Amino acid sequence: MSDINDLEIVDRVLAGDNEAFSGIIQDYQNRIFRYVYSKVYDYDEALDMTQEIFVMTMESLKSFRRESKFSTWLYSIMVNYCKNYRKKRERYAVIPITRGDGAEEFELQIPDDREDPARDIIDGDSLRIVKEELFNLPDDYREILILRDIEGLSYNDIVRVLGINLSSVKVRIHRGRAMLKKRLVERGFV
Amino acid sequence: MKIEHIEFSVLSDFHDDMLSPEKREAVLALIRECAACKKEYEDLQTLVRMVSCLKGMGIKNGDEFTRHVICLIETRRTRSYFRKLVPSAAVAALIVFAVGLDYFGGRSQRTETATTMTSAPSVDLPRPSINGVRAIHEISSDYGIKKTLSILRSNSARVVMMSDSYIEGEAPARGFNNLCREFEAAQTHASYGMATPVSMREPEMAQENSVYIAEQFAASGARDGGIVRFRVNLR
């Protein structure tokens with residue numbers, strides 16, 4: 001969904017049409033959920049957090065000043081919510097991912113719109129391993145790779161969402177990718 | 001750019017189109033020429049593609065989730081609306097409570113006064129104050145000023161004003177009947193030709209007494225509740 005569509009929905013919601021907000025939820029629920037899940041590693045907890053983020057977004061919609069894209073503003077709320085959540089609940093900061101059970105928690109789907117699936121090396125097991133290794137990265141690298149390589153945020157949007165400077169964004173992306181590549185090579189991928 | 005192989009960070013920037021046009025051209029040329037650099041770049045592309053495939057992860061039942069969130073938003077909004085009314089409701093409750101307290105408190109005070117009047121019909125107790133002006137009960141005393149002050153003191157009355165002809169003061173409503181009876185007794189004795197106490201007009205003594213009486217009055221007044229203003233006319 002483009003930012004223009006997002007803004008139209010925002011206008012409708014501010015005019016009193018609460019049901020219009022379902023368009024925002026449908027478009028962003030998986031994006032928010034993926035980021036949140038990478039923080040807590042628990043499906044139900046991530047679901048609760050995602051829903052709280054949407055409620056919070058709805059409640060603070062009047063404060064959206066349209067200085068940035070709606071998606072960037074929403075991601076900022078998401079990142080801040082997760083930071084505050086982490087402060088409240090320290091326990092998940094040290095929970096390791098148990099290898100081999102990722103597929104049971106998630107319904108990992110391979111996109112069907114690939115040009116040449118036969119040529120692609122990515123299958124369900126590979127995705128599970130990639131997910132495990134990605135989620136085992138240090139928090140700063142994992143977070144930035146999710147925003148960049150999964151959600152497709154631009155470097156400038158990441159700067160705004162995370163509140164760090166551009167060079168830090170670049171360094172974290174380099175190091176995160178290098179670290180992930182090294183780990184996947186050790187497991188026989190890439 | 002004089003390098004044998006391209007650094008991973010430069011390849012990463014190249015992949016994300018974060019290099020200047022000149023540097024980008026240089027990296028592109030190296031990738032074409034160097035097989036190792038080309039392999040490194042292809043590995044990076046594969047890595048990014050694999051990570052991006054995790055886009056498939058998501059909420060299992062998105063529509064249900066959407067409906068649930070919308071319901072939650074509506075519920076919270078309603079709750080928030082009522083929560084905003086809480087301060088107003090609290091103020092309204094306080095006002096009602098204060099008015100009720102004033103009404104019932106005043107009524108109980110009137111009831112107490114009425115009870116006192118019923119138990120001592122011979123004494124005409126003052127009516128409750130009207131517009132803040134309390135009625136003064138008139139008493140006649142055949143005693144001298146010293147004895148009168150002594151009687152007032154023994155009944156925990158407080159002298160407010162004193163002259164040669166009268167003493168004004170306040171007394172607890174509950175003990176006011178006894179006070180009146182003592183002065184009436186003196187009148188009875190006088191009517192039967194009994195001697196009345198010699199009048200003594202000593203303002204200093206009265207002042208001392210009034211201080212003592214004031215302390216007593218404060219204690220008993222606080223304990224008993226209502227007060228009665230009176231004027232003792234000296235003969």
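A pocket is an open set of grid points where a 1.4 Å probe fits, with protein on both sides within 12 Å along at least five of seven lines. The structure described here is a predicted model, and the largest pocket in it has a volume of about 370 Å³.

Sixteen residues, written as 16 in the count, line this pocket; closest to its centre are M58(A), E59(A), K62(A), R77(B) and S80(B). Three helices each supply at least two lining residues: α1 (3–14) and α3 (43–59) of chain A, and α4 (62–119) of chain B. Which helix gives the largest share of the lining? That helix is α4(B), with eight residues.

The lining can also be sorted by class, as in the table.

| Class of lining residue | Number in the largest pocket |
|---|---|
| Nonpolar | six residues |
| Polar | three residues |

Chain A itself can be described next. How many helices and strands does chain A have? It contains nine helices and zero strands, and its pattern along the sequence reads α-α-α-α-α-α-α-α-α.

Chain A has 190 residues, and 49% of them count as buried, where buried means under 20% relative accessible area. Its accessible surface comes to about 9,200 Å², and carbon and sulfur atoms hold 45% of that area.

Among contacts with a separation of 6 or more, 62% join residues 24 or more positions apart.

Key. Residues are numbered from 1 along each chain as its sequence is written. Chains are lettered from A and ligands numbered from 1 in the order in which they are written. This is a predicted model: local features need pLDDT of at least 70, side-chain atom pairs count only at pLDDT 80 or more; totals for chains, interfaces and linings use all residues. Side-chain values use heavy atoms; hydrogens and water are left out. Helices (H or I, at least four residues) and strands (E, at least two) are DSSP runs, numbered from the N terminus. Buried means under 20% relative accessible area, exposed over 50%, partly exposed in between (1.4 Å probe, protein chains only). Contact means heavy atoms within 4.5 Å. Accessible areas come from the Shrake-Rupley method with a 1.4 Å probe; for residues, only the protein chains shown count as cover. On a 1 Å grid over the protein atoms alone, a cavity is a set of points where a 1.4 Å probe fits but cannot get out, and a pocket is an open set with protein on both sides within 12 Å along at least five of seven lines; lining residues have an atom within 4 Å of a point. Grid points are joined across faces, edges and corners, and a volume is the space filled by probe spheres set on the points. Ala, Val, Leu, Ile, Met, Phe, Trp, Tyr, Cys and Pro count as nonpolar, Asp, Glu, Lys and Arg as charged, and the others, Gly among them, as polar.
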